[in-house]
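Subject: Structure handover and notes

Hello,

I am passing the structure on to you, with my notes below it. Please read them alongside the coordinates.

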Amino acid sequence: MCGLALAATLTAPAQAQAHDQGPGGGKVPHWELKDSGTDVRFRGLSAVSRNTAWLAGSKGTVLRTADGGRNWRNVSPPGAAELEFRDIEAFDSRRAVVLAIGEGEASRVFRTEDGGATWTESFRNTDAKAFYDCITFFDSRHGLAMSDPVDGRFRILSTSDGGRSWKVLPSAGMPAAQTGEAGFAASGQCLVSSGPRDVWLATGGAARARVLHSSDRGLTWTATDTPIPAGDPARGVFAVAFRDRTHGIAVGGDYRADQASPQAAATSRDGGRTWTTAGTLPPAYRSGVTWLPHSRTSALAVGPTGTDLTTDGGRTWRTVDTGSYDTVDCTPDRACWASGEKGRVARLER
């Protein structure tokens, strides 16, 4: 089913039961929960295909499925139980890179080439002022990781060998950070790339919520204010998604359950140089967003209170599910996955 057809059927209310019927008796696409066998929170998700997906979460947990979520294999790196994995980037069923977040040496990167049977620690942060939040890859060799500001500027880590080795990029091309500005390690989507060189960094916690863009793999950056409210450590842009180097969506808000999240979604049509508030907004804070595969106009946003769908490039949103998810990812073979608290993981099913 193509992205547009999927979006059309998703506009019907989607419940997490397989027996829901669509027009003419056909099943409506919905999130079908998969039993992960654990209760950890999975804020890191990398969907490879309809059959293969990787999860990364608390207590140093990494899971992998190769059969569409029917079975999950615990492939956690040995000795990582004290680490918080918040982002994972998988290239296929065997190769993946996972990021642990935290101050100082809590921020680490691990890499596997054998489906998680063995892992190599390829980076351990030794700067007490650094706190890494997200990673992204342009291809199977070139990737970046980002840290909250160090000495007044966001720090960028770069790899050109698939995550086997990393180096800190010069900070000269990075604009000065605002007071209190940081990234949110909420969904692995505060640093995202599209194409061979373009990358975007989402921020919050300061007076203005911004999106920074680089077109040279992180060497030089420009910063743009978004209309998503900030002005508090709990508010800002939590996730961005670009379907190409021009069209982007930003989501966020205030992650506190007792606080409203007005203007929590925005769109860009110029690579992030300008942002426009969505006309009809998600009803609450959203931490993850992804474009539907093979669609130019449809995307999903997720958060603790539900999933929203847009079919017009992010201008209007409609809630299609009320389950709790932190992050979402779709694949070229038209599969979408989501994960979150209490071991929740689901795949979009027809």
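The largest pocket holds about 1000 Å³ of space. Among its 39 lining residues, E89, S193, T290, D329 and C330 are the closest to the centre. A pocket here is an open set of points on a 1 Å grid over the protein atoms alone, with protein on both sides within 12 Å along at least five of seven lines, tested with a 1.4 Å probe; a lining residue has an atom within 4 Å of a point. The volume is the space filled by probe spheres set on the points, which are joined across faces, edges and corners.

This is a predicted model, in which local features need pLDDT of at least 70 and side-chain atom pairs count only at pLDDT 80 or more, while totals for chains, interfaces and linings use all residues. Residues are numbered from 1 along each chain as its sequence is written, and side-chain values use heavy atoms, with hydrogens and water left out.

Pocket lining

Seven strands each supply at least two residues of the lining of the largest pocket: β2 (44-47), β6 (84-90), β10 (131-137), β14 (191-194), β18 (235-242), β22 (288-291) and β26 (327-330). Strands are DSSP runs of E with at least two residues, numbered from the N terminus. By residue type the lining divides into 21 nonpolar, 13 polar and 5 charged. Nonpolar covers Ala, Val, Leu, Ile, Met, Phe, Trp, Tyr, Cys and Pro; charged covers Asp, Glu, Lys and Arg; the others, Gly among them, count as polar.

Sheets

β2 is also part of an open sheet of 4 strands, in the order β2-β3-β4-β5 with antiparallel pairing. Its edge strands are β2 and β5 (73-74), and each pairs on one side only. Two strands pair if DSSP finds at least two bridges between them. Within this sheet, 5 bridges join β3 (53-57) to β4 (61-65), and the two run antiparallel. L55 stands opposite L63 in β4.

β18, another contributor to the pocket lining, belongs to an open sheet of 4 strands in the order β18-β19-β20-β21, again with antiparallel pairing. β18 and β21 (276-277) are at the edges with a single partner strand each, so one side of each has no neighbour in the sheet. β20 and β21 are antiparallel and joined by 2 bridges, with T267 opposite T276 in β21.

β11 (143-150) and β12 (153-159) pair in the antiparallel sense over 6 bridges. A145 stands opposite L157 in β12. The two strands form a hairpin with 2 residues between them, and D151 in the turn has a positive phi of about 55°. β12 also runs antiparallel to β13 (167-168), joined to it by 2 bridges, and S158 stands opposite K167 in β13. Of the 7 residues of β12, 6 are buried, where buried means under 20% relative accessible area, exposed over 50% and partly exposed in between (1.4 Å probe, protein chains only).

Aromatic contacts

There are 12 aromatic pairs, counted for rings of Phe, Tyr and Trp (its six-membered ring) with centres within 6.5 Å; planes under 30 degrees apart are stacked, over 60 edge-to-face and the rest tilted. F123 and Y132 make an edge-to-face pair, at 5.4 Å centre to centre and 75° between the planes. Both of these residues are buried. F238 and Y255 are also edge-to-face, because their centres are 6.2 Å apart and their planes are at 80°. F238 is in strand β18 and Y255 in the loop between β19 (248-254) and β20 (265-268), so this pair ties together parts that are 17 residues apart in sequence. F238 counts as buried at 1% relative accessibility, whereas Y255 counts as partly exposed at 46%. F184, F238, Y255 and Y285 form one aromatic cluster.

Two arginines lie over ring faces: R64 over W54, at 5.7 Å from the ring centre, and R217 over F138, at 5.6 Å. The criterion is NZ of Lys or CZ of Arg within 6 Å of the ring centre and within 35 degrees of the ring normal.

Backbone and loops

H294, in the loop between β22 and β23 (299-303), is not a glycine but has a positive phi of about 60°. R334, in the loop between β26 and β27 (336-339), has a positive phi near 70°, and is likewise a residue other than glycine. R334 counts as partly exposed, at 42% relative accessibility.

Regards
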